[in-house]
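This report describes aromatic pairs, charges over rings, paired strands and a nonpolar core. The sequence and the structure come before the description.

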Amino acid sequence: QVQLVESGGGLVQPGGSLRLSCAASGFTFSRYAMSWHRQAPGKERELVARITSDSESTNYADSVKGRFTISRDNAKNTVYLQMNSLKPEDTAVYYCSRKRPGVNRYDYWGQGTQVTVSS
């Protein structure tokens with residue numbers, strides 16, 4: 001069965017960095033675009049970053065452009081989110097997700113990892 005397992009979240013001070021990882025299993029990882037979303041308390045879940053199956057193209061939310069970088073290693077079935085210059089407003093639960101081919105929807109999600117940015 002499809003599984004997505006996030007790791008790497010935690011508490012970090014403003015201006016700090018974290019690297020999230022998402023280990024995928026149960027499907028041919030290299031055939032799917034992957035994404036990171038986040039959900040802050042009281043807010044809707046939002047797309048943070050997306051990467052195509054071959055890493056040729058990436059997209060970012062305006063709020064994280066220039067600070068976050070999405071990448072993947074198809075040999076390790078893992079997608080990453082490098083987060084730099086973190087701000088308190090980046091505090092959220094971060095979710096890894098698999099994009100359905102041909103449509104702008106996501107069909108599998110991880111359990112999420114908490115990122116808290118606070119001094």
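**Basis of the description**

A residue is called buried if its relative accessible area is under 20%, exposed if over 50%, and partly exposed in between, with a 1.4 Å probe and protein chains only. This is a predicted model, in which local features need pLDDT of at least 70 and side-chain atom pairs count only at pLDDT 80 or more, while totals for chains, interfaces and linings use all residues. Residues are numbered from 1 along each chain as its sequence is written, and side-chain values use heavy atoms, with hydrogens and water left out.

**Aromatic pairs and charges over rings**

Rings of Phe, Tyr and Trp (its six-membered ring) pair if their centres lie within 6.5 Å, and planes under 30 degrees apart count as stacked, over 60 as edge-to-face and the rest as tilted. The structure holds 3 aromatic pairs. The pair of Phe27 and Phe29 is tilted, because the ring centres are 6.2 Å apart and the planes stand at 55°. Phe27 also pairs edge-to-face with Tyr32, at 5.3 Å centre to centre and 85° between the planes. Phe27 and Tyr32 are both buried, and Phe29 is buried as well; Phe27, Phe29 and Tyr32 form one aromatic cluster.

A charge sits over a ring if NZ of Lys or CZ of Arg is within 6 Å of the ring centre and within 35 degrees of the ring normal. The ring of Tyr32 has the charged end of Arg98 over it, 4.0 Å from its centre, and Arg45 lies over the face of Tyr95, at 4.0 Å from the ring centre.

**Strand pairing**

Strands (E, at least two residues) are DSSP runs numbered from the N terminus, and two of them pair if DSSP finds at least two bridges between them. Strand 4 (residues 34-39) pairs antiparallel with strand 5 (residues 46-51) over 5 bridges, with Leu47 of strand 5 as the bridge partner of His37. These two strands form a hairpin with 6 residues between them, and Gly42 in the turn has a positive phi of about 75°.

Strand 5 is also joined to strand 6 (residues 58-60) by 3 bridges, in the antiparallel sense. In the hairpin of strand 5 and strand 6, Ser55 takes a positive phi near 65°.

**Nonpolar core**

A nonpolar core is a set of buried Ala, Val, Leu, Ile, Met, Phe, Trp, Tyr and Cys residues joined through side-chain atoms within 4.5 Å. The largest has 29 residues, of which Trp36, Val79, Leu81, Met83 and Tyr94 touch the most other members. Strand 3 gives the most to this core, with 4 residues.
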